[in-house]
Structures are given as structure tokens and as C-alpha cells.
Amino acid sequence: MYTVILGLFYLFYSRFLSGAIPDDFLKSIREEDPSVEVVVDLSDNFITDLSSSLTTFTNMNLVLVDNDTTSPVPEELCDTDHNGWVAGMVGQVRNGGALNACDAILCPPGSYNKDGRLSVTTGCNVCTSCTTFGCTSCIDETLTNGNKVCEILNKLFTKISGRTWYNNGNWLVVGKDRCEY
């Protein structure tokens, strides 16, 4: 007889976490059973780097979108030993012929996806205003050019986590006037 442990950690929108994910993060679970399914949502914090100690896990759904992640996802997290990561998306993306399976964990700088990561059906779209890994929105450069008010409002929305607002419709939507936010 065996026990299946499912680890669920939701720390999203907290803005309390900053810096690199420490090497001892989830150490007790890693030591107990690294094959257990672990769901960790650290989105919308100030996480800058991922720990390579996470390579111990083979079945993790790690959500890191909209952080300040500036270092690439460690390649070891995207190899064939980690096909189960992100609900199996790492393996599906690799098997689908994507150049970088790590994009299934976080879209690279200069791109975005509404989920902050590539999927089998939706890629990471080009966006010059995204300067970190895992962007979920893009400030439309054509909308802001020549319109200082829109530029300021869009930067404000992004900086103070506007996507968490109850009424956040039409912000950063291409072609929408600021009066329609």
C-alpha cells in the first residue's frame, strides 16, 4: 500500500516573495517523493531566478507568470526527464517540435502569452514591451505612440497589478480607447 501526496501551494498575487527560489524550496517533499504531483503558483511576485534544485521533481505544475524573472528557465527543467512538468505541457511542446521546451514554463523576454507560457495551441507572441520571462499582457506600442495619457495609464495598470482588479476589462487591449477601460 502506498500514499499519494498532492502538494498544492498557492501564493499568487501576494507580492511578498522576492529574489531567487531558494535551493531548499520544497525540500521535504523532494526527500519524501519527488515523483508526486506538486502544484505551486507563485505568480505576480518578484521572483527573479529559478532554482536548479527543482529538477528533482518530475511532475510539477509551477506557475511563475508576471514575476520579475530575468534569468532563463534552467535547461534541466525542460529535458525529457521532465515531460510531466506543467501538466505534461513541457513534453507536449517538445514532441510538437518547438525549438525551446522551456517556453512551456515561461515565455521568454520580448514575447507574451495570456497564460505567460507557450502551449501546444498558442505560442509566445512578439512583444517588445515585455522585458522579463512569463509576460501575460503586452502594451501595444502603436496605441501608446503619440498618446502620453495612454502610455502612462498602461504603465500604471501593469505596475500595480491591474489584471487583479475586479473591473479590469479593455486594459492593454489593442485598439481600445482609454475611455473604454
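How much space lies in the second largest pocket? About 150 Å³.

1. This is a predicted model, in which local features need pLDDT of at least 70, side-chain atom pairs count only at pLDDT 80 or more, and totals for chains, interfaces and linings use all residues. Residues are numbered from 1 along each chain as its sequence is written, and side-chain values use heavy atoms, with hydrogens and water left out.

2. Strand β3 covers residues 38-41 (strands are DSSP E runs of at least two residues, helices H or I runs of at least four, numbered from the N terminus). Val38 and Val40 point one way and Val39 and Asp41 the other, and all are buried (under 20% relative accessible area, 1.4 Å probe, protein chains only).

3. Strand β5, residues 60-63, runs parallel to β3 and is joined to it by four bridges (strands pair if DSSP finds at least two bridges between them). Val38 has Met60 as its bridge partner, and Asp41 stands opposite Val63. In β5, Met60 and Leu62 point one way, Asn61 and Val63 the other, and all are buried.

4. The largest pocket has a volume of about 520 Å³ (a pocket is an open set of points on a 1 Å grid where a 1.4 Å probe fits, with protein on both sides within 12 Å along at least five of seven lines; lining residues have an atom within 4 Å of a point; the volume is the space filled by probe spheres set on the points). Of its 21 lining residues, Asp68, Thr132, Cys135, Thr158 and Lys159 are closest to the centre. Helix α4 (residues 148-159) gives the most to this lining, with four residues.

Technical notes: Buried < 20%, exposed > 50% of the residue type's maximum accessible area, 1.4 Å probe, protein only.
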